[in-house]
Amino acid sequence: MSTYTLSPKSSNESLQSSSSAFSAPDKLAPAVEGAMVWDTLDTAEYIIELTPREVQDVRAAVIKVKIAGTPRSQIRQDTFDLSNLDLAHKLRVISTELHLGRGVAVVRGLDAANFNDEEAVIAFAGICSHVCPQRATDSYANQTLSMIVPTHTLGHVRDATKEKVPLWAKDIGLAGSKITAAMDFHSDRFSGDVLALHVRNDGGAGSGGEQHLASFWKIYNELLEKDPEVLETMAEADWPFELKQKDKEPYLELGPTLFLSKGKPMCQLVKAPLLGTPLIHRDPRMPVVTDKQLHAMHAVEELAKRFCVKLDRKQGDIQFFNNLSIMHARAAYRGSNGKPSTRHLLRMFLRDPENAWEKPAAYRKNFNDPFTPGRQQNLPVIDNDPWRTISGRESHG
């Protein structure tokens, strides 16, 4: 039995708080319960197999979109018509599993459809619209060229390390989604409630890039019992995030890495804007993280490694993770014979208004910004700008 107790800053009264306002560090939520607290997952618990008939129904919906000339930005439940109502329901209930269940789901079987690149993007957007109707746009890319170029809604996770860096991008660096290095456990900060990934190419056997998931709720409970000061440190609003901009000075944004609302802990810990990376160096004028913050990052990483599972992955899968409660990591991957890796995933961030968790009032604007109504969307079939206008800001540590 552990002899650890709550630190002096905590109290039984504060632990009972269910306020939707931002919870100060002395208001940790009680231990969380339910299916989202796990340290093992059986594939049968999160893989949803599509039948051959259902794959054909998805293909038929894709063809309808192409025949109608529907812009990819306008793909919604009503424009991605699944005549098979059972399939539509099968996809819709995935949202319940993501918000009230284990927080992880994988739709499998689409590889049998043999989609070309355009059709794969249409199918990905269409299926996602039936799971979580809202798509996030890149709020930070939106700050510079949003009046000229549509903001990115769909991203390509691929190896761009061997491409020539244009002169204008020399001080930006490639985002984590474009490099082959391993990634520690993280949640993508202020990017969206649900992370969706479509495995177009897994890179081949033995090439690396394995994906791992960990329940932050399991980590939260462990820390609450044995080292609650870590959680209090995470909830402090003094984490020094460096946000980089094209043709502008980077700026400092202070905030927490742990949010609490209605008894739900929400993790938004990503290391790149806190520590920098080998390709995206931290500006030396920025304040550095404190020893307490470094300890908190280490403690969370070690527990994530202890409690994680390796995701079962096949080509064609569409993966869905609750980005507020499930942390994800990736092993390094590589190409062969000096060529870039063929590993290629499509990525979007989503929200389901019916099931979305209430966010802390003080940071609601940050969480809601990617879902600003009326923002023009861009779902590119080909990734022709791996550097983007802003790169490596809040995602992919």
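**Basis of the model**

The model is predicted: local features need pLDDT of at least 70, side-chain atom pairs count only at pLDDT 80 or more, and totals for chains, interfaces and linings use all residues. Numbering starts from 1 along each chain as its sequence is written, and side-chain values use heavy atoms, with hydrogens and water left out.

**Confidence**

pLDDT is the predictor's confidence in each residue, on a scale from 0 to 100. Its mean over the chain is 87. Of the residues, 86% reach 70 or more.

**Overall build**

The chain has 12 helices and 17 strands. These are DSSP runs, numbered from the N terminus: helices are H or I with at least four residues, strands are E with at least two. Of the 397 residues, 55% are buried. Buried means under 20% relative accessible area, exposed means over 50%, and partly exposed lies in between (1.4 Å probe, protein chains only). The chain exposes about 17,000 Å², an area from the Shrake-Rupley method with a 1.4 Å probe. Carbon and sulfur atoms supply 52% of that area. Among contacts with a separation of 6 or more, 84% join residues 24 or more positions apart.

**Nonpolar cores**

A nonpolar core is a set of buried Ala, Val, Leu, Ile, Met, Phe, Trp, Tyr and Cys residues joined through side-chain atoms within 4.5 Å. The largest has 61 residues. Those with the most contacts inside it include Val-104, Phe-216, Tyr-220 and Leu-258. Helix H11 (residues 291–307) gives the most to this core, with 7 residues.

Tyr-220 has partners from several places in the sequence. Leaving out residues up to four places away, it touches Leu-28, Ala-29, Pro-30, Val-32, Leu-231, Leu-258, Leu-260 and Pro-265.

**A buried loop residue**

Leu-174 sits in the loop between strand S5 (155–158) and strand S6 (183–186). Leu-174 counts as buried because its relative accessibility is 9%. Its C-alpha atom is 7.8 Å from that of Ala-160, 14 residues away along the chain.

**Salt bridges**

Side chains of opposite charge can pair when their charged atoms come close. A salt bridge here is a side-chain nitrogen of Lys or Arg within 4 Å of a carboxyl oxygen of Asp or Glu. By this rule there are 28.

| Pair | N to O distance |
|---|---|
| Arg-158 and Asp-383 | 2.7 Å |
| Lys-359 and Asp-193 | 3.0 Å |
| Glu-302 and Lys-305 | 3.9 Å |

Arg-158 lies in strand S5, and Asp-383 in the segment after strand S17 (377–378), 225 residues apart. Both are buried. Arg-158 and Asp-383 also belong to a salt-bridge network with Glu-163 and Lys-178.

Lys-359 and Asp-193 are both buried. Lys-359 lies in the loop between strand S16 (344–351) and helix H12 (364–368), and Asp-193 in the loop between S6 and strand S7 (194–201), so the pair ties together parts 166 residues apart in sequence.

Glu-302 and Lys-305 both lie in helix H11, 3 residues apart, about one turn of the helix. Glu-302 is partly exposed at 37% relative accessible area. Lys-305 is partly exposed at 46%.

Terms used:
Contact means heavy atoms within 4.5 Å.
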